[in-house]
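Please keep the sequence and the three-dimensional view at hand while reading.

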Amino acid sequence: MKVALAGQGAFGIKHLEAIRNIAGIDVVSLCGGSPDSTRDVANTFSIEHWTMDLAETLARPGLEAVILASPTQLHRAQAEQCMRAGKHVLIEIPVADSLEDVEALLAIQEETGTTAMAGHVRRFNPSHQFVHKKILAGDYAIQQMDVQTYFFRRTNTNALGHARSWTDHLLWHHACHTVDLFQWQTGETAETVNAMQGPIHPQLGIAMDMSIGLKVPSGAILTLSLSFNNDGPFGSFFRYIGDTGTYLAYYDDLSDGKNAKIDISHVDVSMNGIELEDREFFSAIAERREPRSSLRQTLAAYQTLARIEEKIGRVVVA
């Protein structure tokens, strides 16, 4: 399968590293936002073609699918461009930074009949899959998810510490991971939504701290704290508090409530959540089926984010 990648930054590189482990996938083009870094990444991963122009990428012979790991603010236009060109698309999280744009892309997917998947990687991390399988088997019910998403980003840099051309957002990016995961794990949509945000950063124009609380009809609650001000270990730390045990998840690792590590090597064919996400995308295309975490399946998360935004107010990110 001939595929392309848009976005040469930290997460684009993670996708390229993951694809190296997937047989039968040929990355034939890289579309980036900076000539020097795009060329360097293309050379590192032996990608034959690179460009700044997505239309040029979409014209590559035999191209079937595109992974969008570009800045969030480009997702709406780029995803539509891909689907109207007849290409399947995996849109990295978040699909967009407004509910209206997500709904518009879902309508375009239904119109074009292409495969459109949202990159909600938490659904694919083996740690969260382990918990999900227990829930489906009737062996576990969530009482509370307590989640901390912490970074130290007082300047506009990415996960590799490199300068960003766009501004990240606690609600529409980082909270999106956990809101979707909570609703997916419980199988319910939040009926109660509460949220607060801290001061707006004078240069970045975004809230650097945020607190979110959700409750679903079954009674399970989510307590989510997010910060770009935390000077310490970064990432998202998940505590599942359930009726038959407590689990601590950090990316692809899992422990019990007393920090004893749990072997989850048997959960899936890889221990890399991004690789598992990409495998699902390519398999869904080949099998002509709807992928797990399709735009349709993840719409509820963006609907809940929009309700949270009503509580804290819209922040327009340049």
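The points below move from the whole chain to single residues.

The structure is a predicted model. The protein contains nine helices and 13 strands. Of its 318 residues, 55% count as buried.

**Overall form**

- The radius of gyration of the protein is 19 Å; a compact globule of 318 residues would have a value near 20 Å, so the two agree.
- Along the principal axes, the C-alpha atoms of the protein occupy a box of roughly 55 × 45 × 40 Å.

**Surface and charge**

- The protein has an accessible surface of about 13,500 Å². Carbon and sulfur atoms account for 49% of that surface.

- A42 belongs to helix α2, which spans residues 35–44. A42 counts as buried because its relative accessibility is 1%, and the cut-off for buried is under 20%.
- Leaving aside neighbours within four places in sequence, the residues in contact with A42 are L30, I47 and W50.
- A distance of 9.9 Å separates the C-alpha atoms of A42 and I13, although these residues are 29 residues apart along the chain.
- H174 is part of helix α7, which covers residues 170–186. The relative accessible area of H174 is 6%, and H174 is therefore buried.
- When residues up to four places away in sequence are not counted, H174 touches T149, F151, R153, D168, H169, L226 and F228.

**The loop between β5 and α5**

- P94 is located in the loop between β5 and α5. The peptide bond from I93 to P94 is cis, and its omega is near -5°.
- Most peptide bonds are trans.
- S98 is also placed in this loop, which runs between β5 (88–92) and α5 (99–112). With a relative accessibility of 11%, S98 counts as buried.
- A polar atom of the S98 side chain lies 3.2 Å from the backbone nitrogen of D101.

**Two residues with positive phi**

- Most residues other than glycine have a negative phi.
- Y251 has a positive phi, near 55°, and is a residue other than glycine. The position of Y251 is in the loop between β12 (246–250) and β13 (253–256).
- Y251 is partly exposed because its relative accessible area is 29%, a value to be read against the limits of 20% and 50%.
- S293 likewise has a positive phi, near 65°, and is a residue other than glycine. The loop that holds S293 lies between α8 (273–287) and α9 (295–312).
- S293 has a relative accessible area of 0%, so S293 is buried.

Note on methods: Residues numbered from 1 in each chain as written. Predicted model: local features only at pLDDT ≥ 70, side-chain atom pairs only at ≥ 80, totals over all residues. Heavy atoms only, no water. Helix = DSSP H or I, 4+ residues; strand = E, 2+ residues; numbered from the N terminus. Buried < 20%, exposed > 50% of the residue type's maximum accessible area, 1.4 Å probe, protein only. Polar contact = N/O pair within 3.5 Å; in protein donor to acceptor, adjacent residues only side chain to side chain. Rg over C-alpha atoms; globule rule 2.2 N^0.38 Å. Areas by Shrake-Rupley, 256 points an atom, 1.4 Å probe, with all protein chains shown as cover. Contact = heavy atoms within 4.5 Å.
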